[in-house]
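Please read these remarks with the structure open beside them. They are meant for someone who has not looked at it before.

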Amino acid sequence: MGDAVAIATGVVKRFAGLAAPALDGVSMTIGTGGVTGLVGPDGAGKTTLIRILAGLMAADAGEIEVLGQAPGEDLADLGYMPQRFGLYEDLSVEQNLTLYADMRALPDDEREATFARLLAFTDLERFRSRMAGKLSGGMKQKLGLACALVKRPRLLLLDEPGVGVDPISRRELWAMVQELTADEHYGGMGVLWSTAYLDEAEKCDQVYLLNEGKLLFEGDPAELTGSVADRVVRLTGFEQRRRRLLTDMLDREGVIDGTIQGRSLRLLLDRPDRLVGESGFQLAPAAPRFEDGFIERLGGGPKGTSRLAEAYRTVAGDGGKAIVAKGLTKTFGDFTAASNVSFEVPYGTIFGLLGPNGAGKSTTFKMLCGLLTPSHGEGAVAGHDLRTSGGKARAALGYMAQKFSLYGDLSVAQNLDFFAGAYGLGRAGAREAIERVTEVFELGDVLKVNAGTLPLGFKQRLALAAAVMHEPPVLFLDEPTSGVDPVTRREFWTHINGLVEKGVAVLVTTHFMEEAEYCDEITLIYRSQQIASGTPDDLKRQAAGMDGLDDPTMEDTFIAMIEASDARREAEDAAA
Amino acid sequence: MSAWQIDPRRLRAMVVKEGVQILRDPSTILIALGLPVLLMFLFGYAINLDNSRTRIGVALQDDSAAAMSLASAYRHSPYFEVVLERTTAPLRAQLVAGEIRGIVVIPQDFGKGAARGHRPPIQIIADGSQPNAANFTTAYARGVVQTWAAQEAQAAGQRAPPPIELSLRFWYNPSLASRYFLVPGAIAIVITMIGTLLTSLVIAREWERGTMEAMMATPMRMSEFLASKIVPYFLLALASMALCTVLATMVFQVPLRGSLFALFALTVAYLMPALGQGLFISAATKNQFVASQVALLSGFLPTFLLSGFLFEIASMPKWIQAITYIVPARYFIPALQTIFLAGDIWSLILPAIGYLLAFGAIFFLLCFRASRRSLDK
């Protein structure tokens, strides 16, 4: 990295009403000629730090120098893209660019050339006169970047540019920013990229890892990844159910962390030779990831046994299907939001609905929840037909939404009371259920706290607690762990895995690839069509065939399949 | 680098942006140009405080020709629908029941008195529970007597004036058409809606949509930002004012006795507190829903209720009268009515303009204080 364009030392920031500081003595240096990553889960303090650097908030303590001055002094040379892009939705692409060009005093004679270059770079030339509000999430993000770049900034601050957009757009944007740091036109620019996606951290030149306001790691990401290098293994060829084996493994001494990867398990061990010489599975080294290092710094993942699952009833299911979708179609006017979606989910399995934003996942999901009436086709949840007994179907499912959908201004106890009532638990049943989830999720200390002020990890637990209080046989999860820290995410999946072992059927919609790995079966929805279905391993194999990728990740798979679908459609269009 | 400095290029860019947003937002256009038309027609036609065809009782206690003639004058009056009785007792009951608004008593010796050349007073009883209506009822009931007396006198060829003459004249609004003072009031309501309600949304909208954050990270100054909010809505309000004036004079035949210059000066003065209040609400609440509620409660309702527009300030309790002094419309509406109905009476208009400008200055100062360039609370 080149010269320092921003230096922060010992930054502290507290917010009224919160006990823990949002930033607790954070120091960082942003250099030119590379991407500095600010990595951490939601609520870690990333946005606060970026706002302090942009001069939008004052730090309570610490020294900050941005472009050689106090923050907020030299705004002409600062490019800042807030989480919501800062675009005027009722202005066209060009009008947005013009506004930011004027605000940053871009000389008139440079305007045409600059606009042409940025629009070509972001591939938005075709949409010059389209309203920003009518662009897709990925295109908005690119326009937001273009607006931040309009005056050739010396420091570019990007606050979670990848949030809420699909993996393809995320990769494109990453490539664009990477290109910028190498571009001679933007030479000497420092870039700060904040993200909750740990896989993005690996690609940064330098990383600051933030958790609960504290710096856990700073330096070359390879260093953190390297610290676990020979201790990550892949387990294959075992007889047991994989969830069962994962539980056993996590309960063992010396296993720091473990996840399911299709048919195999991926474990982080305290010693390279921990499992050597044991029988019942094959052991192979696996590529270490940044996340492994993060988890280790956080003190390792949770143990394997879920107390929630232990206390849960056994769902018999009687060999029937928990969820059935048969040719589900939903049209709004002449727009088809979901076309002919079919799948079946047996009890005791996890089914994943994957796809980019706006592909039709949510529409399918809502039809199965009974929130939307299908235009064609039929569906059933726990044996209840959605058309004739939607109410019964809804009573048989627990629902956990992506964003915190509890009442922020009610206390934890009041939220639990409310959901117990909403799910029709009687007085005694409600008391029993609330006691159970309070104990399992360790909510006892926070019962009187307003749910809105809880740390994210607790909110996550509370949301799951509310969804499973009535012990439903079917669980619907809508991007349940996006943005939460990896330990909380492990904890969550430990519970889900345990429940599935008890016979619960789980439907999860996600564009978060890690969540997809936990699924028994996946269907990929793109442009309202199911473009691929199968187990995660099947899909990876298919993708490897398409792309020639060696051992593709779930994300590679997803992107390869969508690109193949686009290519097919273009070929058909060309033929027609 | 003062916070009050303004960079013309940035200001122009922001004003253009604001203008484009206004033009693209049908609801803004509707409020600015549709609402005036709606309100003017509502107050001009639908709401009429005049007592046309009010039901009253006439107690005809005398059989003389004169008494009969007066009673029939009431029955033929375009203002009244008459319930005729011999005594007051049944009419009192009807008055209490609210079936009639007033009673005219023509006493027993009315005819004798008329024959002798003088008339004993007739008695007019009005339902005081509705003071406005009572005022109108008495005024019109007297009017009928006078007209009748004048006609009688003419018929009798009398040259001498009747012994007692009640002379009632309403200046500036001789036919007492309520729309003469309602229409200028409606204009004030329209200007308040545009000035306060619309602007109360604009800064809050930038906060809600996250554009405020992006703008604050550019070299923009808060003075430029506020100015960019004021200029477009100032022009929009003036356009609306012009539309209202055309409607008032052309469609409702309200006279405009004062000059256009006085009207313009007064409107500009009133826009200062109206815009300032809206922007202050917006900057302080940062939330469109809350802002619109606050704007309705603190801007629209006082203009409606506490400005003297619908309810006479003089007949309010003292402590409410005290509150009216901080309602800018209290100064605007009488001055506006003056310009329309009386003319350029500067001794009335100038103090009003002075008060309005002072209120404007206070609101703008508050607004500056509320819109700090920071995300810290």
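1. The model is predicted. The points that follow should be read with that in mind.

2. Chain A contains an open sheet of 6 strands, ordered 19-20-21-16-22-23, with mixed pairing. Its edges are strand 19 (397–400) and strand 23 (529–534) of chain A, each of which pairs on one side only. On average, neighbouring strands of the sheet are turned by 15° against each other, direction ignored.

3. A helix also packs on this sheet: helix 11 (residues 361–369) of chain A. The helix touches strand 16 (350–354), strand 19, strand 20, strand 21 (505–510) and strand 22 (521–526) of chain A. The direction of helix 11 makes about 150° with that of strand 21 of chain A.

4. One bridge can be located by residue: A:Leu397 has A:Val474, in strand 20 of chain A, as its partner. In general, strands of a sheet pair through backbone hydrogen bonds, in parallel or antiparallel fashion.

5. A:Ala105 is not a glycine, yet has a positive phi of about 55°. The residue sits in the loop between helix 2 (93–103) and helix 3 (108–122) of chain A. A:Ala105 counts as partly exposed because it has 15 C-beta neighbours inside 10 Å.

6. A:Glu160 likewise is not a glycine and has a positive phi, of about 45°. The loop that holds A:Glu160 runs between strand 6 (155–158) and helix 5 (167–182) of chain A. Is A:Glu160 buried or exposed? A:Glu160 is buried, since 21 other C-beta atoms lie within 10 Å and the cut-off for buried is 20 or more.

7. Chain B has 14 helices and 4 strands. Of its 377 residues, 40% are buried. Among contacts in chain B between residues at least 6 apart in sequence, 81% join residues at least 24 apart.

8. Two domains are assigned in chain B: domain 1 (14–47 + 177–376) and domain 2 (54–155). Their C-alpha centres lie 46 Å apart.

9. B:Gly343 belongs to the loop between helix 13 (329–341) and helix 14 (346–370) of chain B. With 16 C-beta neighbours inside 10 Å, B:Gly343 is partly exposed. Leaving aside residues up to four places away in sequence, B:Gly343 touches B:Arg257 and B:Gly258. The C-alpha atoms of B:Gly343 and B:Ala262 are separated by 9.0 Å, although the two are 81 residues apart along the chain.

Technical notes. Residues numbered from 1 in each chain as written. Chains lettered and ligands numbered in written order. Predicted model: local features only at pLDDT ≥ 70, side-chain atom pairs only at ≥ 80, totals over all residues. Helix = DSSP H or I, 4+ residues; strand = E, 2+ residues; numbered from the N terminus. Buried ≥ 20, exposed ≤ 12 C-beta atoms within 10 Å, placed from the backbone. Contact = placed C-beta atoms within 7 Å. Pairing = 2+ DSSP bridges. Axes fitted to C-alpha atoms, helices over the stretch in contact; angles between N-to-C directions. Domains from an automatic or database assignment.
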